[in-house]
Amino acid sequence: MKKQAIHILTILFSISLVAQNVELDKFLGEQNAKIVVSEMGIYNDLDKTEYIRKIGNRLVAELENPLFEYQFHLVENPSPNAFALPGGYLYVTTGLLPILQSEDELACILGHEIIHSNNRHSIKQLKKSIFPKLLEVPGKLIGVIDSEVGELFNAPIEMSNELLLASYGRKSETEADKEGIELAAKAGYNPNAMITALSRLSKTISVATGEEESKSYFNDHPYTPDRLEAIQNQISGMTWKKTSQISSNYLQNFDGTLFGDNPEKGIIKDNTFIHPELNFHVEFPEKWTIDNQNSHITAYDESQQSGIYIVLDNPNLSPKKSASVFVESLKKEYKEKIIKHEHYQIENRKGYLVTFQDKVETQTVFAYALWIPMEDKLFRIMGIASKQDQNILKEIVLSLRKLSIEEQSHITINRMSIVTAKKGETIQSLSKREHNLLNENLTCVINDKNTSDKLKKGEQIKIIKTFKY
């Protein structure tokens with residue numbers, strides 16, 4: 001990833017950013033779309049994706065001057081979000097779907113993202129601030145193992161850079177709101193749906209986190225109440241004509257959608273990570289942040305001074321041979337920091353360890369590259385720590401093991417389910433009958449209900465159910 005970032009920087013320095021050539025958008029979009037696939041993963045449900053595409057294409061058809069051939073994708077991510085890459089790549093996360101209530105709301109959200117892309121907001125913001133963002137590394141541990149340490153510590157912030165979960169600035173956000181709802185209205189969707197969608201999103205996040213949204217002048221998005229007021233003022237002067245919906249039952253289109261993390265890619269619970277498909281378990285210290293991506297796991301402490309990175313390596317090579325290939329790929333100045341090569345055994349697994357030592361300011365820092373085989377896989381574990389924290393890394397490595405049969409049998413997957421209410425039921429009684437996993441307050445919020453509301457017979461309610469994986 002770091003190499004990709006540097007490659008993009010090189011290209012950008014050689015291209016005039018003043019030019020209006022959309023080839024830059026297409027190039028950056030294509031490159032970062034690959035990262036989305038690698039790090040988030042495309043949600044494998046053709047029917048749900050096709051429905052989103054049909055809504056998106058209806059909106060694009062109303063653009064006066066579409067700059068790109070737009071692509072719409074559903075991605076596996078529990079955060080409620082939609083985002084646009086340059087060049088017409090648009091994404092909706094699985095985490096957003098439980099919050100939306102109608103096709104009109106989804107259309108307004110998509111219209112907002114289409115405007116971000118078509119008005120080239122990413123490129124405009126890129127000119128201002130992409131360079132420091134791409135090179136940002138938390139902590140002060142830089143340069144011990146070249147790109148591997150950059151990858152280790154950049155991984156937690158990669159998905160928050162300017163291109164992926166884009167930070168456009170308030171002016172661009174306001175523009176996307178204004179033109180996005182205009183686009184939705186042209187396509188026959190109710191522009192008021194943007195208000196209900198944003199209100200419910202803000203309320204859901206407040207209930208889930210226990211924190212009210214605060215007005216901050218350092219927030220790139222406008223404060224939601226201010227944003228809603230501006231949208232309401234705009235809508236009051238608009239005329240629009242409703243057309244037939246693509247689907248007659250919006251909610252049923254997303255019945256069975258993944259909720260939360262997909263166990264197929266690993267599960268984080270407290271300070272433990274398990275991966276049912278790759279059949280391994282590893283434990284991290286309390287209060288460490290664990291970041292699970294498709295291709296690797298990264299974990300680091302509160303100070304971001306110690307961390308570890310786990311990835312699969314070529315299983316056809318021995319640990320020692322893999323270490324040799326890795327060391328040979330390093331630049332001379334990094335090879336000179338190697339202080340030890342040695343065989344390393346965990347239980348009955350024979351691995352190979354390369355230890356590096358460096359000085360960061362006044363502190364001695366150790367970095368480790370360890371190759372450990374397990375079944376038909378070869379794990380490469382990169383660790384970095386100060387001298388006093390070396391044993392923490394060792395404890396993490398020692399916790400790496402296969403899953404037990406009991407652990408495998410208890411793995412579950414959560415999905416959104418659309419259930420039918422009985423006359424006079426409340427959210428609480430329906431939840432009990434249907435074994436709803438989501439707490440009562442959140443279930444009420446995402447369904448626009450109060451805890452005391454009596455439900456109508458046949459009313460569709462969104463809940464979360466758990467299934468054996």
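## Contacts, helices and sheets in a predicted model

Biologist: Which residues does L317 touch, not counting residues up to four places away in sequence?

Modeller: The model is a predicted one. L317 sits in the loop between β9 (307-313) and α10 (319-329). Leaving out residues up to four places away in sequence, L317 touches S322, V325 and L378.

Biologist: What separation do the C-alpha atoms of L317 and L378 have?

Modeller: L378 is among the residues that L317 touches. Along the chain, L317 and L378 are 61 residues apart. Their C-alpha atoms are separated by 8.3 Å.

Biologist: Does L317 count as buried, partly exposed or exposed, and at what relative accessibility?

Modeller: Buried would require a value under 20%, and exposed a value over 50%. L317 has 29% relative accessibility, and therefore counts as partly exposed.  The class and value asked for are partly exposed, at 29%.

Biologist: How many helices and strands does the protein have, and what share of its residues is buried?

Modeller: The secondary structure comes to 15 helices and 15 strands. Of the 469 residues in the protein, the buried share is 52%.

Biologist: Of the contacts with a separation of 6 or more, what share comes from residues 24 or more positions apart?

Modeller: The count takes in contacts in the protein with a separation of 6 or more. Residues 24 or more positions apart account for a share of 68%.

Biologist: Where is T204 placed, and is T204 buried or exposed?

Modeller: The place of T204 is in helix α8. The cut-off for buried is under 20% relative accessible area. T204 has 9% relative accessibility, so T204 counts as buried.

Biologist: Which residues is T204 in contact with, leaving aside neighbours within four places in sequence?

Modeller: T204 belongs to helix α8, which spans residues 193-209. Once neighbours within four places in sequence are left aside, the contacts of T204 are I99, L442, V445 and I446.

Biologist: At what angle do α4 and α8 pack, and what does that make α4 relative to α8?

Modeller: The axes of α4 and α8 are 8 Å apart, and the angle is about 90°. Angles of 65 to 115 degrees count as roughly perpendicular. The angle therefore makes α4, relative to α8, roughly perpendicular.

Biologist: Which residues of α4 and α8 make the contact, and how do they divide by type?

Modeller: On the α4 side the contact is made by D104, E105, C108, I109 and H112. On the α8 side it is made by A193, M194, T196, A197 and R200. By type, the residues of this contact divide into 5 nonpolar, 2 polar and 3 charged.

Biologist: What does the crossing angle of α3 and α4 make α3 relative to α4?

Modeller: Helix α3 covers residues 46-60 and helix α4 covers residues 103-118. Their axes come within 10 Å and cross at roughly 60°. That angle makes α3, relative to α4, oblique.

Biologist: Is the crossing of α3 and α4 left-handed or right-handed?

Modeller: Residues of α3 that take part in the meeting are Y51, I52, I55, G56, R58, L59 and V60. On α4 they meet E103, L106, A107, L110, G111 and I114. The residues of this contact divide into 9 nonpolar, 2 polar and 2 charged. The crossing of the two helices is right-handed.

Biologist: Through how many residues does a hairpin join β7 to β8?

Modeller: β7 (residues 289-292) and β8 (residues 297-300) run antiparallel and are joined by 4 bridges. D291 stands opposite T298 in β8. The number of residues through which the hairpin joins β7 to β8 is 4.

How values were computed. Residues are numbered from 1 along each chain as its sequence is written. This is a predicted model: local features need pLDDT of at least 70, side-chain atom pairs count only at pLDDT 80 or more; totals for chains, interfaces and linings use all residues. Side-chain values use heavy atoms; hydrogens and water are left out. Axes are lines fitted to C-alpha atoms, for helices over the stretch in contact, and angles run from 0 to 180 degrees between N-to-C directions. Angles under 35 degrees count as roughly parallel, over 145 as roughly antiparallel, 65 to 115 as roughly perpendicular and the rest as oblique. A crossing is left-handed if the near helix is turned anticlockwise from the far one by less than a right angle, and right-handed if clockwise. Contact means heavy atoms within 4.5 Å. Ala, Val, Leu, Ile, Met, Phe, Trp, Tyr, Cys and Pro count as nonpolar, Asp, Glu, Lys and Arg as charged, and the others, Gly among them, as polar. Two strands pair if DSSP finds at least two bridges between them. Buried means under 20% relative accessible area, exposed over 50%, partly exposed in between (1.4 Å probe, protein chains only).
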